[in-house]
Amino acid sequence: MSNIPFQTVDWSAVAKTEHTGETGTSFWQTLQYPGLRIRVVEYTAGYLADHWCQKGHIVHCLDGEFESELQTGEIFSLVAGMTYIVSDNLSSHRSISKNGVKLLIIDGDFLKNEG
């Protein structure tokens, strides 16, 4: 990972990309640095991810609520102000949003599972 100089981010100026889920849609606004990705992600109502993810994330719920379902069957509900954290390859998880949600998601090399 490289050094990042002080900067501010006006998220309203960051372009959105559209990603279709199994149901619903997600919209990503992404900042990419070497070894680090920072995104504001919005899931529409009725969103269900189209895959089980094994990547590590720090996911902070900015607005609304969603569920993170683990492939083991466990379900964790998060509302605005809550965060989940997981390293790479430590769970298979996917997101579900009944009414829509806005998230801040940070991932990158610092979450690699070394053991």
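Tyr47 touches Gly21, Thr23, Gly24, Thr25, Ser26, Ser95, Ile96 and Ser97, leaving aside residues up to four places away in sequence; contact here means heavy atoms within 4.5 Å. The model is predicted, so local features need pLDDT of at least 70 and side-chain atom pairs count only at pLDDT 80 or more, while totals for chains, interfaces and linings use all residues. Residues are numbered from 1 along each chain as its sequence is written, and side-chain values use heavy atoms, with hydrogens and water left out.

Tyr47 belongs to strand E4 (residues 47-48); strands (E, at least two residues) and helices (H or I, at least four) are DSSP runs numbered from the N terminus. Tyr47 and Ser26 lie 21 residues apart in sequence and 7.5 Å apart in space, C-alpha to C-alpha.

| Residue | Relative accessible area | Class |
|---|---|---|
| Tyr47 | 7% | buried |
| Cys53 | 15% | buried |
| Cys61 | 1% | buried |

The structure holds 0 disulfides, a disulfide being a pair of cysteine sulfur atoms within 2.5 Å. The sulfur of Cys53 is 17 Å from the closest cysteine sulfur, in Cys61, and is therefore too far away for a bond.

The largest nonpolar core has 13 residues, and Tyr43, Val59, Phe66, Tyr84, Val101, Leu103 and Ile105 have the most contacts inside it. Such a core is a set of buried Ala, Val, Leu, Ile, Met, Phe, Trp, Tyr and Cys residues joined through side-chain atoms within 4.5 Å. At least two residues of this core come from each of strands E3 (36-43), E5 (57-70), E7 (83-86) and E9 (101-108). A second, separate core of 5 residues includes Val14, Tyr33, Leu36 and Ile38.

The largest pocket holds about 330 Å³ of space. On a 1 Å grid over the protein atoms alone, a pocket is an open set of points where a 1.4 Å probe fits, with protein on both sides within 12 Å along at least five of seven lines; lining residues have an atom within 4 Å of a point. Of its 24 lining residues, Trp28, Arg39, Tyr43, His51 and Cys53 are the closest to the centre of the largest pocket. E3 gives the largest share of this lining, 4 residues.

Notes:
Buried < 20%, exposed > 50% of the residue type's maximum accessible area, 1.4 Å probe, protein only. Points joined across faces, edges and corners; volume = space filled by probe spheres on them.
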